Amino acid sequence: DQFTSKNKHLVGRVFDVFYFSVNFGSFFSTLLIPVLLKDYGPRVAFGVPGILMLVATVVFWMGRSLYVHVPPTGAREPGALAVIFHALRNLKNRLPGGDWLSPAYGSFAASKVDGTRAAVNLAKIFVYVSVFWALFDQHSSTWVLQAKEMDLNLWGMKLEASQIAALNPIMVMGLIPLFSLWIYPRLEKAGVSMVPLKRITYGMFVAAVAFASVAVYQHFLDAGVKLSVGWHLFPFLTLTAAEVMISITGLEFAYTQAPREMKSTIMSLWHLTGFGGNMLTAYIAKI
């Protein structure tokens with residue numbers, strides 16, 4: 001909403017800055033909150049980020065006059081679900097040569113039906129991204145449990161197992177400019193296509209490498225070998241590289257590929273991939 005035709009080419013860079021900012025905060029919180037919890041208890045550990053969130057909200061509100069305000073399109077307009085349900089109920093009226101959404105053309109604007117089709121097609125891609133989140137979110141759960149079995153003395157410091165996850169945001173901040181300014185341009189120059197879907201695909205394979213290494217570590221730990229937590233540097237590096245290739249690219253892809261009136265719908269589908277991944281992990285953990 002903040003962009004015009006003159007600066008639209010900077011949308012991708014803005015998603016990089018946004019993601020960098022998120023991880024800037026994540027890095028310090030991942031280091032600080034375990035210490036606050038240990039030394040001062042949960043009231044302080046929950047209270048400090050709560051107060052900071054309030055401060056951030058006030059600052060955001062103070063700058064409200066600096067933003068472009070796009071008025072809402074109207075809550076009464078039919079959304080993608082209305083188009084889908086109408087098409088499913090009237091499949092017998094499918095247009096000659098048309099797909100399963102074609103029955104909706106007579107009752108909804110063509111742009112609405114086309115936008116719904118775009119959302120459905122993107123949702124098919126997003127289903128696979130859920131598998132990535134099923135893996136990624138374990139860096140702050142099962143990987144922490146693994147770290148507890150390892151030697152937590154690193155670089156002359158005794159670390160908390162939950163602090164190891166701070167490797168992710170600090171690596172994100174380093175890898176974002178590396179990928180954006182060096183890796184992607186050089187691969188493109190070498191003839192390797194790095195369009196969004198290719199980035200996401202490559203990122204999936206990189207994430208698999210991260211979990212293969214963690215599986216090897218667990219094999220040694222189960223055999224009684226005491227490993228240093230420093231061995232987590234490699235899986236964190238590869239998983240974070242996968243995150244940069246998948247998550248930032250996915251945010252940009254979801255936004256740029258969506259018709260204007262479907263941007264909220266498609267962005268919500270993107271965020272649902274995290275939910276799907278968490279549900280998948282919970283199911284696997286249960287069995």
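Predicted model: local features only at pLDDT ≥ 70, side-chain atom pairs only at ≥ 80, totals over all residues.
1. Helix H6 covers residues 167-189, 23 residues in total, and extends 31 Å from its first C-alpha to its last. That span is close to the 33 Å expected at 1.5 Å a residue. Gly191, which follows H6, has a positive phi near 95 degrees.

2. The buried residues of H6 include Leu167, Met171, Leu175, Ile176, Phe179 and Ile183; Asn168 is also among them. Their cover includes helices H1 (11-40), H4 (110-136), H7 (196-222) and H8.

3. The largest nonpolar core holds 54 residues, of which Phe132, Phe179, Leu239, Ile266 and Trp270 touch the most other members. Two or more residues come from each of H1, H4, H5 (142-148), H6, H7, H8 and H9 (263-286). The most is given by H8, with 11 residues. A second, separate core has eight residues, among them Val83, Ala87, Ala104 and Val113.

4. Ala242 lies in helix H8, residues 233-256. Ala242 counts as buried because its relative accessibility is 0%. Apart from its neighbours within four places in sequence, Ala242 is in contact with Phe132, Gly203, Val206, Ala207 and Ser247. Of these contacts, Val206 is 36 residues away along the chain, yet the two C-alpha atoms are separated by 5.6 Å.

Terms used. Residues numbered from 1 in each chain as written. Heavy atoms only, no water. Helix = DSSP H or I, 4+ residues; strand = E, 2+ residues; numbered from the N terminus. Buried < 20%, exposed > 50% of the residue type's maximum accessible area, 1.4 Å probe, protein only. Contact = heavy atoms within 4.5 Å. Expected span 1.5 Å × (residues − 1). Core = buried A, V, L, I, M, F, W, Y, C linked by side-chain atoms within 4.5 Å.
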